[in-house]
Amino acid sequence: MIYHELIVVGGGLAGLRAAIEAKRAGVDVAVLSQVYPARSHSGAAQGGINSALANHPDSADDTPEKHTFDTVKGSDYLADQDAVKQMCEDAIPILYQMEHWGCPFSRFDDGRIAQRPFGGAGYPRTCYGADKTGHYLLHTCTNEAIKAGVPFYTEWFVTDIVSDADGRACGVIAYDMTAGGFEGFQAEAVVIATGGAGRTYSNSTNAIISTGFGASLAYRAGVPLKDMEFIQFHPTGLLTTNILMTEGARGEGGYLINGEGERFMAKYAPKAMELAPRDIASRSIWTEILEGRGIGGKQFVHLDLRHLGREKIMERLPGIRDLSIHFEGVDPIDEPIPIVPSQHYTMGGIDTDMDGRTELPGLFAAGECACVSVHGANRLGGNSLLETLVFGRRSGAAAFEYVSGLAQRGRGAAEVEKALQRMDENLAALTSRSDGEDPYAIRAEMTETMKENFGIYREEQIMQAGLDKLLALNDRVHDIYLRHTGRVFNLDMIRTYELQGMVEVALTTAAGALNRTESRGSHSRTDYLARDDENWLAHTLAYREPYGRPRLDRKPVALGLYEPQERKY
Amino acid sequence: MPEATFRIHRYDPERDGDRRWQEFTVPYESSLTVLEGLFYIQESLDGSLSFRYCCRAAVCGSCAMYINGRYRLACQTNVKNLEDAPIAVEPLPHMPLIKDLVCDMTDFFAKYEYVKPYIMHDSKYPEKETLQSPEDRHKLDNPVDCILCGSCYSSCPSVWGEDNYLGPAALLWAYRFEADTRDEARKTRVSSFDNERGVYRCHTITNCVEACPKELNPTEAVQWLKGAAVRRRIFGRWK
């Protein structure tokens, strides 16, 4: 058994920022990650990170209050306003900190951090490094963690969170991929920072490792998942692969064009046009496609950057150009890019407070796997990188306080041992069967069900059919088996194991979506067209029950700063 | 439906430790990346296949492999664009093996961490950002795009011949910080590469330039470091 005071699960931006904070406060902390931290999905973020630095010539009177308002309005008033205010205030020092840690932001001529316009924002406040902002921030935080002396357990796949007899998180079980075999980690506290659940959909922009499995571990440990029905569809995923084409492409002036050659956003958001928030832009594109105005009547439209010119594309959007050329065979300097709305972000997640605390003492969560909630029913572009850093830092600080305040250390060794044994038994059961359900067939059916039945537009009967299908799949999961039983780098084992959590997470999305009889933000129902503040200005909580279908509850939204209004852009 | 034949390097330390080749046939509709082909094989043909993956969008560096005799990212390589059949897929050459297409990156990352790949700063930070002109920022354009995939390191004959040599990726990162106007490392970092493990072991063979899937130029960065290190030795000044 290995001991650290604090275990951080996940080496993306939230996990690294939490670990650095705890380490510098004097905590013995370690990061466990399925991939080398610099390979995490945070690195795929492109367009930028929001902070009201007021560097842009058009944003001289921007403030954290205005950033707060834009975020609350963007969330369709489901975000907790106190949490949003905190995030937007923390945004200023955390941005300067990233710059001081060496993040290679793009610069204005006067040497200050460059900013660009983004969707749903009243001012250009998205700070960027070309179109590779996530990559630059992720390397910056990986490097700062190296500087701080945070140990990495690289290619360790966490399979369980362990609680002690008093109901406190006391460790994790993890698979050592390269050496082979499972190991118990005993700890005083655990931070989960494992990213979103994009891969529960077949049409996701997300990395292949963004399965939602980390959130499922907290869910299994008894912690509720919050607002899981709110799934963001990014307006511009590449047609063939769903690879992200940054909102920055529209921030720099790119057009959305339908099969009739129109800039159709004029019909849906006459003021904001292409820079309407993502839920609105995605619905608009999807409506055009459904009404037969896709390109050539097909299921895609064009993102046209040609009028920006070669120089601007090469300077501001070089990554987008490379991706279009390599993955779609299209050079955006010469041709418009075929795009389709694609699953992009999980607004919901592990229910936490503003400091990452969950209902389980000693268990913290931060980043996309968590739900504070600052994004409510629709996240604004540029706020996810911000969330990882702000709430990663706050979780690390809160974990330090928690660990410092413990009267008794080193508890839970027996429980970790037991959990390790249980893991071995689970694995033995999986390997003892020589046939059964094919986990990859179940995965494919699940991801297709999520895409088709819980997509941009939702409706009672289609969702009910989808939920029934997921429940049936969840039953079939009990009969899955392993084809490969080797110890070293066993992908069959990892992918089979994570499937169990993926189906459970998908069920929380499905049950929440079916239950919420209104349209709000990303959740748009064709049978309940309007937002219903009287009945539904509330968070959904999903608790795990033994038979797959979660028990749903509600939690009030923290209001107080801004009265809910109709969203117009 | 078109088909692609993959000829894959297999190695299982738990069986006999032997290396062998195995062929698989993968059907596809209109487009198939090598990484998608590997997933098809792992899911439908042989569950024991191991390979690294993450972003599938050429930004994380996980799936660098040796495909048809060239360093490539499996996710960025479409079988349509490969001329030779069958498609030969190998792990990064000259690296210790873990299993199948997975090689041991421990030394690679240890060397990366050895060059102190982070900003060092003694003086007080300004209240806001440190100013940096766009021109000075552009000096970093090349190295900050490195995805630590290991292709350059695997391709470098100087690394093959000398285990201790830091190699092109680590030195590219040393350059990235030495060239940054915000860095104040002075002697602290230079001692990590101005030595028998460092820049003088680069013999400008430029394999790294050819191997890099992001089209970066580690060789040039190493020459810059050499010049700077020599100037410091002769004139006692740095930068």
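The following dialogue works through selected features of a predicted model.

Student: Which residue with a positive phi follows helix 5 of chain A?

Tutor: A:Gly222, with phi near 100°.

Student: Why are helix 5 and helix 15 of chain A called roughly perpendicular?

Tutor: Look at the angle. Helix 5 and helix 15 (residues 491–515) of chain A pack at about 75°, with their axes 8 Å apart. The range for roughly perpendicular is 65 to 115 degrees. The two helices of chain A therefore count as roughly perpendicular to each other.

Student: Which residues make that contact between helix 5 and helix 15 of chain A?

Tutor: Helix 5 of chain A contributes A:Phe213, A:Ala215, A:Ser216, A:Leu217 and A:Tyr219. Helix 15 of chain A contributes A:Glu498, A:Gly501, A:Met502, A:Glu504 and A:Val505. By class, the residues of this contact are 6 nonpolar, 2 polar and 2 charged.

Student: What does helix 5 of chain A lie across?

Tutor: Strand 2, strand 11 and strand 18 of chain A. Helix 5 runs at about 135° to strand 11 of chain A.

Student: What makes strand 7 and strand 18 of chain A edge strands?

Tutor: Start with the sheet. It is open, has 5 strands in the order 7-3-2-11-18 (chain A), and its pairing is parallel. Strand 7 (152–154) and strand 18 of chain A each have a single partner strand, so one side of each lacks a neighbour in the sheet. From one strand to the next, the twist averages 20°.

Student: How do you know that strand 2 and strand 3 of chain A pair?

Tutor: Count the bridges. Pairing needs at least two. Strand 2 (residues 6–9) and strand 3 (residues 29–33) of chain A have 4 bridges, in the parallel sense. A:Val8 stands opposite A:Val31 in strand 3 of chain A.

Student: Which strands does helix 1 of chain A touch?

Tutor: Helix 1 (residues 13–24) packs on the sheet and touches strand 2, strand 3 and strand 11 (189–192) of chain A. Its direction makes about 165° with that of strand 3 of chain A.

Student: Why is A:Glu359 called partly exposed?

Tutor: A:Glu359 has 17 other C-beta atoms within 10 Å. Buried needs 20 or more, and exposed needs 12 or fewer. The count falls in between, so A:Glu359 is partly exposed. It lies in the loop between strand 17 (349–351) and strand 18 (363–365) of chain A.

Student: What is A:Glu359 in contact with, leaving aside neighbours within four places in sequence?

Tutor: A:Val223, A:Pro224 and A:Asp351.

Student: How many residues of chain B are in contact with chain A?

Tutor: 43 residues of chain B, in contact with 43 residues of chain A. Helix 1 (34–45), strand 6 (97–99), helix 2 (106–114) and helix 3 (134–138) of chain B each supply at least two residues of that side of chain B. The side divides into 20 nonpolar, 11 polar and 12 charged residues.

Student: What share of chain B is buried?

Tutor: 49% of its 239 residues. Chain B has 9 helices and 7 strands.

How values were computed:
Residues numbered from 1 in each chain as written. Chains lettered and ligands numbered in written order. Predicted model: local features only at pLDDT ≥ 70, side-chain atom pairs only at ≥ 80, totals over all residues. Contact = placed C-beta atoms within 7 Å. Nonpolar A, V, L, I, M, F, W, Y, C, P; charged D, E, K, R; others polar. Axes fitted to C-alpha atoms, helices over the stretch in contact; angles between N-to-C directions. Parallel < 35°, antiparallel > 145°, perpendicular 65-115°, else oblique.
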